[in-house]
Amino acid sequence: REAGIHSIRDLADKTVALGPKGSGSEKFIREFLRFAGLKESQLTLVNLTLKEATAQLVAGEVDALLFLTGLGNEACQRALQSGHVRLTPLAPLTSFPHAKAGEAKAVAQTLADGFRVHYPYVSPHTIPLLAYPGQPTQPIGTVGVKAVLACHNTNLSDEIAETLTRTLYEHRAALSQKHSAFSSLDEQSSTAHLQFPLHPGSENFFRRT
């Protein structure tokens, strides 16, 4: 809260945590900073796990944290509950004259459309109103990637893959009570912009009539 950061542009001259070295989170964040026009020489980047990063963020040892994680992550919840940390949009709404105040989805889509030129597998996401205790006070448009369940085709039969896929989608309401990631499962968009081929068994489920 004390860092004076209101958008990605305010990260210049700041210390920013971006995930463990070599992680998908680090690669994604470095690409996004380049897309946003920030040179790495303009800020101090540190490699930390999410648990380490949120602890240092609360302590004021880093100014900001950019990270790929699922909505409702416990480490993020604890950091936000400390009162020293807040969620900040990647870009202010004033950067999107076509998007009225509160139209987070339009901002997320615009960011994703531009970033996708550099990083093909990005997708638009929205942090909903009060997704965390007391935050955010209005939805925030952001970008991310989809979580992908991966396997070896040769080791998983088509029948098991189809059954597993059907179970996840038919029981997502019950599963979302155990983990918030399941609440965003959407059959219509799940296979869009995937960087891996679908297992034939899963494909049978999605192409059923």
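In helix α4, the residues Ala104, Val107, Ala108, Leu111, Ala112 and Phe115 are buried, buried meaning under 20% relative accessible area with a 1.4 Å probe and protein chains only. Because they cover an arc of only 130° around the axis, they lie on the same side of α4; the arc is that of the directions from the helix axis to the C-beta atoms. An α-helix has 3.6 residues a turn, so residues three or four places apart point the same way. The buried residues of α4 pack against α1 (24-35), β4 (123-127) and β5 (140-144). Helices (H or I, at least four residues) and strands (E, at least two) are DSSP runs, numbered from the N terminus.

The model is predicted: local features need pLDDT of at least 70, side-chain atom pairs count only at pLDDT 80 or more, and totals for chains, interfaces and linings use all residues. Residues are numbered from 1 along each chain as its sequence is written, and side-chain values use heavy atoms, with hydrogens and water left out.

Strand β4 includes Ser123, which counts as buried because its relative accessibility is 6%. Beyond its neighbours within four places in sequence, Ser123 is in contact (heavy atoms within 4.5 Å) with residues including Ala112, Arg116 and Thr142.

A separate topic is the open sheet of three strands, ordered β2-β1-β3 with parallel pairing. Here β2 (44-46) and β3 (64-65) stand at the edges, each with a single partner strand, so one side of each has no neighbour in the sheet. Two strands pair if DSSP finds at least two bridges between them; Ala17 has Leu65 in β3 as its bridge partner.

Methods
Buried < 20%, exposed > 50% of the residue type's maximum accessible area, 1.4 Å probe, protein only.
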